[in-house]
Amino acid sequence: MKAQIAAKQEDIVSVAQERNLRLVRDEPRPGQVRLGDITLRNRLVTSSSLLGYGVANAKVAAYGMSPISQFVPLERFGAVTTRTLTVEPREGHFTTRDQWALHELPGLLKRYGRVLRQVEGGWLNAFGWCNVGIEAYLRDYYPRTREQNRIISVGGFSAEEFVTLVDTINAAVPAGEIAAVEFNVSCHNVNFDFNAIIESVLSEAVPRSNHPVILKLSPDYDYLAHARLAARHGVSALTAINTVKALRLDPQTGTPLLQNGFGGLSGRAIKPIGLRVVSELRDAGVRLPIIATGGIRSFDDCREYFWAGADAVSLGSASWFASYPGYALSPIHAARIRSVLRRIERYQPPAR
C-alpha cells in the first residue's frame, strides 16, 4: 500500500513538472512581479465578475462592468480577472445580456434587485454564474482587451467541463498571452457541492493547461485541504477568498431578499475573514503564492493582507460597487482606486 501511495505521488509530481515545462518562464521585465509561474504588472489585480469581461458593449446601462471602471486605467492593473465563464452560455439567476438601452434601465435595475443587495458592511449577490460562455468570450471580448493583463476565470460542475474549458483556452490563447486561468471551484450561488469534484478537477484539468492555474478558495469549505491539493497537483497560486455564504430576510415578510435565497457576501464585512484565511494558510505551511481579496478599499487594507502573508491583492465589491445614487460619484471613487494603484506600483513588500 505504501509503495502504491508513493508511486501515485511520484506520478503527480511528474505530471506537474511536465506541465511546468510548457509554461513561459521568461524573466519578468522591470516593474513586473513574478508569482511562481504567473507574471503580473504589479501586485494589484481585480476580482472576478466586478468588471465583466474587461470591456463593455455600451457606455450606459452596460451590465457586467462597474460604472467606476470607466474612469480607471485597467491596463495598469497587475491583471484584470474576467467574469466566471462556463462551457455553454448560462443565464444563472440573471441574464447573459450585457447591452441595454437607456429606456430599459428600470427593467435592468429590477433584475439587479433580485440578485444583488446592499447589506450591512457589504453586498449580497447570487448571479449564479450568468455568462456568455467561453467561446463567445474568446471570440467577442478577448480580442478587445489585449492592452490588459488578463486572468480568465472558469467554472464548471465536473472535471470534464474544466478540461473542456482549459482545452478551449489553450486552442485560442498562446502560452504567455494571459497571466493565468482561475478555477472557480467554490461558488455558493450555483447550489452545488464542489467538494465532490475538486480533486478530480485538479488532477485532470490542471496538467492540461498551457497557462498557469489559480485555485479560488472558499472560507466555507476546507480551504487548508484544498490548498494542499492545489500544491500537489501543480496549481501555481491561490485566490483567497471567494464570497461567504450568507442569507438576509425581509423583516416584514420573512422571505429571502435574493431570488436564490442564499447568496455570497462580499465587501468590508468579510475583510477579517479574508485576513484570517490568508494567515491560517501561511501558518499551516502553504507556500503557494496567495492573491488575497475581501473588503479591500485602501492601501492600508492591502498592507494588512501583505502582512498576513499575501503576495498580491485584489479589488472586489468594496471598491467597485456603490449604491445607485452613489455611482454619480464614480470619478471620485475612481480617484481613490487610482491612488491605491499608484502606491501599489511603488510598493516593495518586506522580505519574508
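Modeller: This is a predicted model. Start with Thr46. Thr46 has a relative accessible area of 0%. Buried means under 20%, so Thr46 counts as buried. Thr46 lies in strand β3, which covers residues 44-46. What does Thr46 touch, leaving aside its neighbours within four places in sequence? Its contacts are Leu51, Phe77, Ala79, Val80, Thr81, Ser314, Leu315 and Trp320. Now take Val313. Thr46 and Val313 are 267 residues apart in sequence. In space, their C-alpha atoms are 8.3 Å apart.

Next, another strand with buried residues. Strand β9 spans residues 213-217, and five of its five residues are buried. Which way do they point? Val213, Leu215 and Leu217 point one way from β9. Ile214 and Lys216 point the other way. In a regular strand, side chains alternate between the two faces of the sheet. Strand β9 also has a partner. Strand β8, residues 180-184, pairs with β9 in the parallel sense over four bridges. Asn184 has Lys216 of β9 as its bridge partner.

Last, a pair of helices. Helix α3 is residues 134-141, and helix α4 is residues 159-172. Their axes come within 10 Å and cross at roughly 20°. Angles under 35 degrees count as roughly parallel, so α3 is roughly parallel to α4. The crossing of α3 and α4 is right-handed. On the α3 side, the contact is made by Ile134, Glu135 and Leu138. On the α4 side, it is made by Leu165, Thr168, Ile169 and Ala172. The residues of this contact divide into five nonpolar, one polar and one charged.

Technical notes: Residues are numbered from 1 along each chain as its sequence is written. This is a predicted model: local features need pLDDT of at least 70, side-chain atom pairs count only at pLDDT 80 or more; totals for chains, interfaces and linings use all residues. Side-chain values use heavy atoms; hydrogens and water are left out. Axes are lines fitted to C-alpha atoms, for helices over the stretch in contact, and angles run from 0 to 180 degrees between N-to-C directions. Helices (H or I, at least four residues) and strands (E, at least two) are DSSP runs, numbered from the N terminus. Angles under 35 degrees count as roughly parallel, over 145 as roughly antiparallel, 65 to 115 as roughly perpendicular and the rest as oblique. A crossing is left-handed if the near helix is turned anticlockwise from the far one by less than a right angle, and right-handed if clockwise. Contact means heavy atoms within 4.5 Å. Ala, Val, Leu, Ile, Met, Phe, Trp, Tyr, Cys and Pro count as nonpolar, Asp, Glu, Lys and Arg as charged, and the others, Gly among them, as polar. Buried means under 20% relative accessible area, exposed over 50%, partly exposed in between (1.4 Å probe, protein chains only). Two strands pair if DSSP finds at least two bridges between them.
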